[in-house]
Amino acid sequence: MKDELGVVVGFFNDPDVILHAADSARKKGWKDLDAIVPYPIHGMEHALGIRMSWVPWVTLIMGLLGVIGGFGLQAWVSAVAWPLNIGGKPLISWPAFIPVTFECGILIGGISTFIAMWAACKLPNKKPRIFDERLTDDRFALVVPIYEGIRTDDVSTFLKGAGADDVRIVEK
Amino acid sequence: MHHTALTQIESPGPVVLATKWRTAFIACAVIGVAAFAGGLAVDAARAWQSYLVSYFMFACFGVFGLFFTALHHAVNATWVIVVRRVAEGLTAYLPIALVLFLVMIPGLKYIYPWATPDFVTHYPAKREWLSVLWVSVRGIVFILVWMFFAWKLVRMSLKQDETGEPSLTRKMIYWSIAFMPFFAGTFSMTSFDQLMSLEPKWYSTMFPVYCFAGMFQSGLALITIIFIMLRRQGALRAVTTPSHLKDLGTLVFAFTIFMTYIGFSQYMLIWYANLPEETFYFIKRSEGGWQYLFIALPVFKFVIPFFGLLSQGLKRMENWLLMVCGAILIGQYLDIFWMVRPSVSGSAPVIGWIEIGTFLGFAGLFGLAVSWFYGKYSVLASRDPRIIESANWRFWE
């Protein structure tokens with residue numbers, strides 16, 4: 001990936017306007033677009049060109065491993081490591097293992113998802129980019145990263161044309 | 001794909017069933033009557049049991065249409081408004097269920113131990129609750145209660161199609177909330193009377209929840225199938241998207257987990273406590289060939305729908321959803337069959353011409369009743385105050 005030279009931030013007042021602006025910006029071929037908005041806007045992921053996250057795969061695989069591990073641990077403990085006759089039931093009494101197996105799946109899946117989320121979001125982030133405090137209130141920002149070959153002026157003009165009432169250029 | 005938001009909704013109007021389907025349903029009904037009559041001559045107990053299995057399955061669909069409608073009002077859901085009329089249509093079967101229940105009354109003595117004279121002397125304490133008279137009266141009253149609420153809710157919904165009056169939505173919400181306690185009571189007692197009392201010695205406090213979970217999962221599967229049919233036919237094509245499919249799929253998925261949880265809980269508690277007066281129910285149903293059916297249930301009701309609906313992309317595919325929902329419906333039939341049949345017969349599970357024929361008969365009558373509704377009334381609640389919001393609902397597109 002090429003180095004980001006800086007970003008151009010367009011500020012909007014309307015969620016529909018920024019949605020269309022993001023859609024057009026993606027169609028121009030600009031990559032790694034970001035939108036900073038006070039609440040989720042349906043369709044924004046698609047407009048920005050954000051693909052499905054890889055985090056669900058971590059959840060699935062680690063959850064299944066948790067299921068196998070949880071069942072395996074109980075089977076090993078009760079039949080191999082320390083065989084114990086409980087109520088005359090077989091050593092590997094699978095119905096009794098299901099609740100713990102289920103919990104292990106949830107636990108391992110959950111913790112792995114939590115860790116994967118941090119990795120996916122590149123957290124902890126020591127230098128948060130705060131463009132405007134009202135972005136958590138009633139303003140919407142579209143962030144277009146500048147790479148080699150993209151002219152800052154073009155992006156500014158585009159954002160103004162797309163309905164941004166303020167455009168700021170932030171150097172890296 | 002980015003869709004432009006709809007700003008007005010045209011009523012798609014009623015959808016009249018194609019003649020070949022109507023003919024097929026009528027043929028099914030005729031086959032059903034013939035198979036059931038033939039079955040009575042060959043083996044009356046088996047015929048009445050297969051009647052009960054199909055009766056219970058389809059009566060559940062009818063009341064689920066009502067419950068789904070009421071639930072959607074009670075939680076004030078928006079996205080599901082485009083699906084509501086599909087659910088309301090299922091209630092058209094309730095009057096037929098009432099007639100079919102009346103037909104079953106003379107057959108009670110063949111399948112329920114409490115309907116035989118022996119029972120009264122052996123279980124004096126239960127004879128007041130479990131007698132032909134009272135079970136019949138309760139069964140009739142419960143269906144009448146369901147019909148009353150269905151009539152109320154569907155009538156208001158249809159009236160809104162004409163007037164677009166927003167206050168009707170509020171009234172429907174009140175009636176729906178009022179229905180919930182009635183539903184809980186009537187459905188629980190229906191499952192006691194019609195399925196659990198097949199083994200009058202046995203009891204499980206999980207049983208009504210088990211029946212409820214089966215009804216919920218299979219009812220959602222049926223609604224999803226009809227919804228996809230109406231999308232294919234074109235009536236709901238303009239106002240619905242794969243987002244709605246995905247959400248229906250998610251609901252089916254959620255209640256797949258619920259069904260599994262309830263089914264396993266009931267089994268595990270009885271297995272763990274190991275009390276003979278409880279375990280005999282499962283022992284009877286896990287030997288002599290029934291063990292294969294017992295293993296098939298979690299396959300059809302858990303493995304296929306759980307892994308089949310885990311992925312978001314698959315839930316948006318009509319054909320895939322149809323297959324998974326079809327598997328759930330098969331699972332539901334097998335489940336009720338597995339609960340009912342071993343109570344009288346000690347024989348291995350056989351699904352022969354009596355069972356299939358009787359099932360086809362019920363399916364035919366159900367199909368005729370429900371398609372009559374869709375053919376008479378618009379398949380979309382097109383003037384609900386929030387219908388545009390519902391149609392424009394999008395998840396990730």
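Colleague: Which residues does A:I41 touch, not counting residues up to four places away in sequence?

Modeller: This is a predicted model. A:I41 lies in the loop between β2 (34-36) and α2 of chain A. Leaving out residues up to four places away in sequence, A:I41 touches A:P15, A:I18, A:L19 and A:F140.

Colleague: Is A:I41 buried or exposed?

Modeller: Buried means under 20% relative accessible area. The relative accessibility of A:I41 is 11%, so A:I41 counts as buried.

Colleague: How far apart in space are A:I41 and A:I18, C-alpha to C-alpha?

Modeller: In sequence, 23 residues separate A:I41 from A:I18. From C-alpha to C-alpha, the distance in space is 9.7 Å.

Colleague: Which residues of α1(A) are buried?

Modeller: Elements that cover the buried residues of α1(A) include β1 (6-12), α2 (44-48), β3 (140-146) and α5 (152-161) of chain A. The buried residues themselves are A:I18, A:L19, A:A21, A:A22, A:D23 and A:A25.

Colleague: How far apart are the end C-alpha atoms of helix α1 of chain A?

Modeller: Helix α1 covers residues 15-27 of chain A, which is 13 residues. At 1.5 Å a residue these should span 18 Å. The value from the model agrees with that: the end C-alpha atoms are 19 Å apart.

Colleague: Which residue has a side-chain oxygen that reaches a backbone nitrogen at the start of α1(A)?

Modeller: The backbone nitrogen belongs to A:D16. The side-chain oxygen comes to within 2.7 Å of that nitrogen, and its residue is A:D14.

Colleague: What is the phi of the residue A:G29 that follows α1(A)?

Modeller: α1(A) is followed by A:G29. The phi of A:G29 is positive, near 95°.

Colleague: How far apart do the centres of the two domains of chain A lie?

Modeller: The domain assignment gives domain 1 as 6-52 + 127-171 and domain 2 as 55-120. The C-alpha centres of domain 1 and domain 2 of chain A lie apart by 44 Å.

Colleague: What kind of aromatic pair do A:F71 and A:F97 form?

Modeller: Over all chains, a search of the whole structure finds 59 aromatic pairs. In this one, A:F71 sits in helix α3 (residues 55-81) of chain A and A:F97 in helix α4 (residues 94-120) of chain A, 26 residues apart. The ring centres are 5.6 Å apart with 75° between the planes, and the pair is edge-to-face.

Colleague: With which residues is B:I228 in contact, leaving aside its neighbours within four places in sequence?

Modeller: B:I228 lies in helix α9 (residues 207-233) of chain B. B:I228 counts as buried because its relative accessibility is 0%. With those neighbours left aside, the contacts of B:I228 are B:L245, B:E318, B:L321 and B:L322.

Note on methods
Residues numbered from 1 in each chain as written. Chains lettered and ligands numbered in written order. Predicted model: local features only at pLDDT ≥ 70, side-chain atom pairs only at ≥ 80, totals over all residues. Heavy atoms only, no water. Helix = DSSP H or I, 4+ residues; strand = E, 2+ residues; numbered from the N terminus. Expected span 1.5 Å × (residues − 1). Buried < 20%, exposed > 50% of the residue type's maximum accessible area, 1.4 Å probe, protein only. Contact = heavy atoms within 4.5 Å. Polar contact = N/O pair within 3.5 Å; in protein donor to acceptor, adjacent residues only side chain to side chain. Domains from an automatic or database assignment. Phe/Tyr/Trp six-rings, centres within 6.5 Å; stacked < 30°, edge-to-face > 60°.
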